[in-house]
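Subject: Structure for your review

Dear colleague,

Please find below the structure that I am handing over to you. My findings follow it, and I would be grateful if you read them with the structure open.

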Amino acid sequence: MKSFTQHTGLVAPMDRANVDTDMIIPKQFLKSIKRTGFGKNLFDELRYLDEGQPDQDCTGRPLNPDFELNHSRYQGASILLTRSNFGCGSSREHAPWALDDYGFRCLIAPSFADIFYNNCFKNGILPVVLSEEEVETLFQQMYANEGYQLAVDLAAQTVTTPDGQVFTFEIDNFRKHCLLEGLDDIGLTLEQSDAIKAYEARRREEAPWLFDALTP
Amino acid sequence: MQPKTLYDKLWDSHVVQERDDGSALIYIDRHIIHEVTSPQAFEGLRLAGRKPWRVDSILATPDHNVPTTEDERASGLEGIADPVSLIQVKTLDDNCDEYGIVEFKINDPRQGIVHIIGPETGACLPGMTVVCGDSHTATNGALGALAHGIGTSEVEHVLATQCLVSKKMKNMLVEVNGTLGPGVTPKDVILAIIGKIGTDGANGHALEFGGDVFRNMSMEGRMTVCNMAIEAGARAGMVAVDDTTIEYVRGRTYAPKGEDWERAVASWRNLHSDPGAKFDRVVTLRAEDIEPQVSWGTSPEMVGPVGSTVPDPAAETDANKREGIVRALEYMGLEPGQPIKSIKIDRVFIGSCTNARIEDMRAAAQVLKGRRVADSVKQAMVVPGSGAVKAQAEAEGLDKIFLEAGLEWREPGCSMCLAMNADRLGAGEHCASTSNRNFEGRQGYGGRTHLVSPAMAAAAAVAGHFVDVREFVAGEPA
């Protein structure tokens, strides 16, 4: 798994609440059997003025001039600033794959939907939760300053603004640890194979029907 | 002993190992897979040289990409016209064949939407942990199971280890007491709940549905309610086990038999929240206050009674919410203050993991019997949730009612709920849909979704616009 330790980068806005995973990556792109290549279709319906198709070359497609990520000042952004409940809806991991492929390393919002939040960590993306007021402050500073960058430090659990203001954020220890180290969590779980087998043996006594094999 | 919630009990019985950092290794009893979220997980498994831990715990079926016309389905895989969709369904077949996973393939009479075939076959049972790379896995919580969606990395994790690394969620109870009025269905109940608590109202919580309304509700209805827990932000929704649950499970293909059945039932009887169990949050609704619901916006929380009007953003004090309403009305092509009943519809979709079980078919047929779809409606389709639902509906003659009323009767699949196959809305079209998400573009590029119950969708099909099914059934279509 990809690690995340510290990151300083250009901030771009997605200034709306309840951004759903259908909006992040529309369904027609879910037909891919790969994990990569979704970046060009990130926010496809907002970003382009036509309907996107899988495997399409997007270079000639008409861009929506009103969509902020298309503005020149946000090109190369790696931190996405957004509103509450980002990533709601479908569990599609294609959403963090698309954000990652586009170049986002860190997302900042007042809240994230549960499944999406979890999926981010599996892909080396850090979702940072700050208060509504703090996020509003960052939005105002970002809009007022072209080239606005933030410095994010996972170990210290801080977000630092260009003028040195420091915001701290909470994060679960286990998620933090895995992300800092870029750990292979399947490998870690498999180190506990004996515990899993012991659980199965005990459970098989208590509730044998749970282990009935599904048959064709 | 400290009283426990249903979720506490389900969690406790599946802890393999608790860790110092607050996480736990949780055992997964049933893993359901479909074609969209599993290919990358199998690829990951192969790249790491790993094998599935317990192949016989996995059930697979293709549902998202499958075509739903009889002609296309008669040709099996070859009937999938879209080459990209075909590859995805074929990849699921190949992976299942390679590892020996039980799969109901495209033309197996048991094929259907994952969340419908799980309970229907008895593959998902009370007391189980059930996961699938699909957020509507919460449907299975109706059985008194801990069921939730996971991402593809976690699909791979469960394949390889039969476990998930999880952190316990908080407990939330939504209690609805009283008696639902005629014409008010489980779909209206869950839409009203989402309208009240918001689409992030249950974030971070496992959501139990309690009170008279759910006790008196059928299993099919409970599944509709639990299905949309995710639309309130809860990964898992659940209802306590009672006689209704046990009678539903009895005799199903994969349900325990003989002595095991007796032991299982005895243990399932404990699957309820104890008196005095502590919930972090409790929300209460009165059944009598719930009316048939219609969503008007682009989030499931943007919903209201059929007799109400589209809200005026000017009346919203929260700036972010106001912005959201303005944007939603623009996308939906609606005016502030417009009566919901004045919204004309172009298409009708009766189906999805929310509302494609036999009771949903019956509810729609009851309204449609002896009536005709309005000429102004371009298309109205009924897509049963599984081969078993289809067969049952046909045995009851429901298909004839739909066809005579001018609706299409399709083959099972996810269909227009998310339009990954050919069933979709055109830009600007309004759809009365029994599905679960009214997000922008969800049912087709530029499409406008209105979430309703099967009865309300059927009534709208006949009227050509939204009507209150309660007046309608009384013989006075608006």
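Predicted model: local features only at pLDDT ≥ 70, side-chain atom pairs only at ≥ 80, totals over all residues.

Seven salt bridges are found by the rule across the interface of chain A and chain B. In one that I would point out to you, K31(A) pairs with D82(B), and the closest N and O atoms are 2.6 Å apart.

Several helices of chain A take part. At least two residues of the side that touches chain B come from each of α1 (21-24), α2 (44-47), α3 (94-102), α4 (114-121), α6 (173-181), α7 (185-190) and α8 (193-206) of chain A. The most is given by α8(A), which supplies 10 residues. Sorted by class, this side of chain A has 28 charged, 24 nonpolar and 17 polar residues.

As to the extent of the interface, 69 residues of chain A are in contact with 84 residues of chain B. About 6300 Å² is buried between the two chains, and 54% of this lies on carbon and sulfur atoms. Within chain A, the residues that lose the most area to chain B are K31(A), W209(A) and L214(A); together they account for 14% of what that side buries.

The predictor assigns the complex an ipTM of 0.96 and a pTM of 0.97. For chain B, the average pLDDT is 97, and 99% of the residues score at least 70.

Yours sincerely

Technical notes:
Residues numbered from 1 in each chain as written. Chains lettered and ligands numbered in written order. Heavy atoms only, no water. pLDDT = per-residue confidence, 0-100. Contact = heavy atoms within 4.5 Å. Buried area = accessible area lost by both parts, 1.4 Å probe. Salt bridge = Lys/Arg side-chain N within 4 Å of Asp/Glu carboxyl O. Helix = DSSP H or I, 4+ residues; strand = E, 2+ residues; numbered from the N terminus. Nonpolar A, V, L, I, M, F, W, Y, C, P; charged D, E, K, R; others polar.
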